[in-house]
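This report asks how the parts of one chain are held in place relative to one another. Please look over the sequence and the model before reading on.

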Amino acid sequence: MLLYRLSGMFSVVLISASLYRVDAQLSKPCESPKQWEGNVYTVDTKTNIMRRARVVYDENAPRVRITEDISIGNQVDFYDVVYLHNVEYRLNLKTRQCNVTALTRPFRQFGVPHDANFIGKATIGIAGIPGENVVIENYNGQFRDGTKYFGDVTYPDCIPVSRGVYYESGLSLDRFYDIKVGIADPMVFIPHKECAEKLSGT
C-alpha cells in the first residue's frame, strides 16, 4: 500500500513539471538548506531498483547517512550507509558485512546545485486556496562529470521535492518527503564498528 501511495506522489510531480510557468523575474533557482533530515523514495529504471530510505544530509561537510531498504523484484535488502570524506561505508543489516569503497565521482547535492538552470514555477494542488497547494520551482543542469539532472523544490523555502538523474540507459528519480531542516544528532555520521574494524584490519 505504501509503495502504491508513493508511486502516486511521483505521478503528481511528473505532471507538475510539465505545467510550469516561466517567471521572468527569477534568473536562477533558490538555495536549498545545507542540513536536513527526511525520507526519500527512489525508482531507478536502469537497475530496476525501488528504494525507501531515511536520510540525514549535511552538505557543509559533505556527509550523508542513509538507512535504506532496496527492492529488486521479490528480494529486499537492508543497508545502513555513511558517505564521509568521499568514502562509502555500506553495512548490510542482515549479514553485518561492511563494504568500504572510495568514491570516484564528486559529491552530488540533493538540493539545488549552485550552477543549476531555473526553468519556472508550478503549483501542486488547487491554486488560490490557502492550505490546498504548494508552489514549486523547477530546475535542471549538468553535474561536473556531464551527467544531466532535473528537479523540483518548494518555493520560497527551497526544500527538495524531487530530483531526477539521467543515465545512458535509464533514469533515477528521487521523491523527498517529511523533511525537517537541521540535524538532531551529528554523531549519526560515525560509521558502524564493523566498518571501522575492516579499515583497521581486525
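This is a predicted model: local features need pLDDT of at least 70, side-chain atom pairs count only at pLDDT 80 or more; totals for chains, interfaces and linings use all residues.

An open sheet is built from 11 strands, which follow one another in the order β6-β5-β4-β3-β2-β1-β11-β10-β9-β8-β7, and their pairing is antiparallel. The edges are taken by β6 and β7, each of which has a single partner strand, so that one side of each is left without a neighbour in the sheet. Averaged over the sheet and with direction ignored, neighbouring strands are turned by 20 degrees against each other.

One of the pairings can be followed residue by residue: β1 is joined by 10 bridges to strand β2, which covers residues 49-58, and the two run antiparallel. Within this pairing, V40 has A53 of β2 as its bridge partner. Strands of a sheet pair through backbone hydrogen bonds, either parallel or antiparallel.

## The disulfides

The structure contains 2 disulfides, and when the bonded cysteines of the chain are numbered in sequence order, their pairing reads 1-3, 2-4. In one of them C30 is joined to C158, with an S to S distance of 2.0 Å. Because C30 lies in the loop between α1 (2-17) and β1 (35-44), while C158 lies in the loop between β9 (148-154) and β10 (160-167), this pair ties together parts that are 128 residues apart in sequence. The torsion about the S-S bond of C30 and C158 is about 90 degrees, and the disulfide is therefore right-handed; both C30 and C158 are buried.

Another disulfide joins C98 to C195, again with S to S at 2.0 Å, and with 100 degrees about the S-S bond this link is right-handed. Here C98 belongs to strand β6 (residues 98-102) and C195 to helix α2 (residues 193-200), so the pair ties together parts that are 97 residues apart in sequence.

## Aromatic pairs

A search of the whole structure finds 9 aromatic pairs. In one of them, W36 and F110 have ring centres 6.0 Å apart and planes at 45 degrees, so the pair counts as tilted. This pair links distant parts of the chain, since W36 sits in strand β1 and F110 in the loop between β6 and β7 (117-125), 74 residues apart.

F143 counts as buried at 11% relative accessibility, and Y149 is buried with a relative accessible area of 3%.

## Charges over rings

Rings also take part in contacts with charged side chains. The charged end of R90 sits over the ring of Y79, at 5.1 Å from the ring centre, and the charged end of K121 sits over the ring of Y155, at 3.5 Å from the ring centre.

Methods. Residues are numbered from 1 along each chain as its sequence is written. Side-chain values use heavy atoms; hydrogens and water are left out. A disulfide is a pair of cysteine sulfur atoms within 2.5 Å. Helices (H or I, at least four residues) and strands (E, at least two) are DSSP runs, numbered from the N terminus. Buried means under 20% relative accessible area, exposed over 50%, partly exposed in between (1.4 Å probe, protein chains only). Rings of Phe, Tyr and Trp (its six-membered ring) pair if their centres lie within 6.5 Å; planes under 30 degrees apart count as stacked, over 60 as edge-to-face and the rest as tilted. A charge sits over a ring if NZ of Lys or CZ of Arg is within 6 Å of the ring centre and within 35 degrees of the ring normal. Two strands pair if DSSP finds at least two bridges between them. Axes are lines fitted to C-alpha atoms, for helices over the stretch in contact, and angles run from 0 to 180 degrees between N-to-C directions.
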